[in-house]
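Work through the exercises below with the sequence and the model side by side. Try each task before reading its solution.

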Amino acid sequence: LVDRTFDAFTGMFAGFVRVGKETEPTTLALEADLDDHCSLTKGCYTGQEIVARIHTYGHTNRRLCLLQLDAGDAITAPAPLHDEDEIAVGRVMHAVPMPDRAMRLGLGYLPKDFQAPGTVLRLAGGARATVLR
């Protein structure tokens with residue numbers, strides 16, 4: 001368990017995305033910072049139009065962000081993140097408690113308006129989630 005927790009932290013800090021853990025079938029590779037997995041010169045492939053459009057217009061509507069969450073249990077299924085008006089604006093895909101259990105580290109998708117480091121959102125129940133990057 002300790003090794004898996006360490007691997008999860010190391011992966012999150014390094015920006016590694018685990019397909020199926022931090023992604024869903026509807027996740028675009030460019031939302032998860034997997035630009036190097038998409039070709040702009042290869043022949044036809046599923047999703048090529050979307051990739052080209054994103055590169056042309058410069059951004060995705062959401063992006064995977066590193067989050068610091070209040071102490072609590074691991075998050076193993078997507079959980080909504082709410083703004084100060086209690087409107088769901090994004091979601092945490094995965095979060096693990098730090099070894100001292102004083103906080104959790106997680107990854108979640110947020111729209112552009114909520115991606116700035118220091119932005120504070122809340123999980124259901126009131127636990128804070130602060131954007132680190």
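**Exercise 1.** Which residue in strand 4 does Gln-68 stand opposite? Find also its bridge partner in strand 6.

Solution. The model is a predicted one.
Step 1. Look across to strand 4: Gln-68 stands opposite Leu-105 there.
Step 2. Look across to strand 6: the bridge partner of Gln-68 in that strand is Thr-130.
Step 3. Strand 1 and strand 4 are antiparallel and pair over nine bridges. Strand 1 and strand 6 also run antiparallel, joined by three bridges.
Step 4. Check another pair: Arg-62 has Pro-111 of strand 4 as its bridge partner.

**Exercise 2.** List the helices and strands in order from the N terminus.

Solution. 
Step 1. Count the elements: the protein chain has two helices and six strands.
Step 2. Read them from the N terminus on, which gives α-α-β-β-β-β-β-β.

**Exercise 3.** Describe how strand 3 and strand 4 are connected and paired.

Solution. 
Step 1. Find the sense of pairing: strand 3 and strand 4 are antiparallel, with six bridges between them.
Step 2. Look at the connection: the two strands form a hairpin, and five residues lie between them. In this turn, Arg-101 has a positive phi of about 60°.
Step 3. Ask how covered strand 4 is. Strand 4 spans residues 103-111, and seven of its nine residues are buried.

**Exercise 4.** Find the largest nonpolar core and say which elements contribute to it.

Solution. 
Step 1. Count its members: the largest nonpolar core has 16 residues. Among those with the most contacts inside it are Leu-67, Ile-75, Val-92 and Leu-123.
Step 2. Assign elements: strands 1, 2, 3, 5 and 6 each give two or more residues to this core.
Step 3. Zoom in on Ile-75. Leaving out residues up to four places away in sequence, Ile-75 touches Leu-69, Val-92, Met-93, His-94, Ala-95, Arg-104 and Leu-123.
Step 4. Look for another core: a second, separate one has nine residues, including Ala-32, Leu-34, Met-93 and Tyr-109.

**Exercise 5.** What share of the protein chain's residues is buried, and what share of its surface belongs to carbon and sulfur atoms?

Solution. 
Step 1. Of 133 residues, 39% count as buried.
Step 2. The accessible surface comes to about 8,200 Å², and carbon and sulfur atoms hold 55% of that surface.

Terms used
Residues are numbered from 1 along each chain as its sequence is written. This is a predicted model: local features need pLDDT of at least 70, side-chain atom pairs count only at pLDDT 80 or more; totals for chains, interfaces and linings use all residues. Side-chain values use heavy atoms; hydrogens and water are left out. A nonpolar core is a set of buried Ala, Val, Leu, Ile, Met, Phe, Trp, Tyr and Cys residues joined through side-chain atoms within 4.5 Å. Buried means under 20% relative accessible area, exposed over 50%, partly exposed in between (1.4 Å probe, protein chains only). Helices (H or I, at least four residues) and strands (E, at least two) are DSSP runs, numbered from the N terminus. Contact means heavy atoms within 4.5 Å. Two strands pair if DSSP finds at least two bridges between them. Accessible areas come from the Shrake-Rupley method with a 1.4 Å probe; for residues, only the protein chains shown count as cover.
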